[in-house]
Amino acid sequence: MAKPPFANDIRTLRFLAGEMTQAELGERVGVTRQTIAAIEQGKYSPSLEVAFRIAHVFGKPLEAVFQWNDGRD
């Protein structure tokens, strides 16, 4: 089975940020809890703006939160 094109570390970062809930992150980013859940599970790729907002909440560069699988590994 092929890997999804994007991976992320949102769940880990939420845990490290005082066990922030999906709802709390969604509120800070401006999306619903369901959207955060779908992004975390790799079922939905966020817009570039939302991806940057998520990274900003955690004080991380984009590439520390999201990884792109180009299919070469």
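User: If buried means under 20% relative accessible area, exposed over 50% and partly exposed in between (1.4 Å probe, protein chains only), which class does A17 belong to?

Analyst: A17 is partly exposed, because its relative accessible area is 35%. Please note that this is a predicted model, in which local features need pLDDT of at least 70 and side-chain atom pairs count only at pLDDT 80 or more, while totals for chains, interfaces and linings use all residues. Residues are numbered from 1 along each chain as its sequence is written, and side-chain values use heavy atoms, with hydrogens and water left out.

User: Where is A17, then?

Analyst: A17 is in the loop between α1 and α2. Helices here are DSSP runs of H or I with at least four residues, strands are runs of E with at least two, and both are numbered from the N terminus. A17 and T32 are 15 residues apart along the chain, and 19 Å separates their C-alpha atoms.

User: New topic. How many salt bridges are there?

Analyst: There are 2 salt bridges in the whole structure. A salt bridge is a side-chain nitrogen of Lys or Arg within 4 Å of a carboxyl oxygen of Asp or Glu. One of them joins the side chains of E40 and R14, at 2.5 Å from N to O. This pair links distant parts of the chain, with E40 in helix α3 and R14 in helix α1 (residues 10-16), 26 residues apart.

User: Why do such side chains pair at all?

Analyst: Side chains of opposite charge can pair when their charged atoms come close.

User: Are E40 and R14 buried or exposed?

Analyst: E40 counts as buried because its relative accessibility is 16%. R14 is buried as well, since its relative accessible area is 11%.

User: What else does E40 touch?

Analyst: Not counting residues up to four places away in sequence, E40 touches N8, I10, R11, R14 and Q22, where contact means heavy atoms within 4.5 Å. The side chains of E40 and Q22 also make a polar contact, at 3.2 Å. A polar contact is a pair of N or O atoms within 3.5 Å; within protein, one must be able to donate a hydrogen and the other to accept it, and residues adjacent in sequence count only if both atoms are side-chain atoms.

User: Which residues is R14 in contact with?

Analyst: Leaving aside neighbours within four places in sequence, R14 is in contact with E19, M20, T21, Q22, L25, E40 and F58.

User: Back to salt bridges: where do R53 and E49 meet, and why are they about one helical turn apart?

Analyst: The side chains of R53 and E49 meet in a salt bridge of 2.4 Å, N to O. They are separated by about one helical turn because they are 4 residues apart in helix α4 (residues 48-58). R53 is partly exposed, with a relative accessible area of 38%. E49 counts as partly exposed too, at 48% relative accessibility.

User: Now the helices. At what angle do α2 and α3 pack?

Analyst: Helix α2 (residues 22-29) and α3 pack at an angle of about 105°, and their axes are 8 Å apart. The axes are lines fitted to C-alpha atoms, for helices over the stretch in contact, and angles run from 0 to 180 degrees between N-to-C directions.

User: How is that described in words, roughly?

Analyst: α2 and α3 are therefore roughly perpendicular to each other. Angles of 65 to 115 degrees count as roughly perpendicular, under 35 as roughly parallel, over 145 as roughly antiparallel, and the rest as oblique.

User: Which residues meet there?

Analyst: Q22, A23, L25 and G26 in α2 meet R33, I36, A37 and E40 in α3. By class, this contact of α2 with α3 has 4 nonpolar, 2 polar and 2 charged residues. Ala, Val, Leu, Ile, Met, Phe, Trp, Tyr, Cys and Pro count as nonpolar, Asp, Glu, Lys and Arg as charged, and the others, Gly among them, as polar.

User: Last one: where does P46 lie?

Analyst: P46 lies in the loop between α3 and α4. Apart from neighbours within four places in sequence, P46 is in contact with I39, A51 and F66. K43 is likewise found in the loop between α3 and α4, and a polar contact of 3.2 Å joins the side chains of K43 and Q41.
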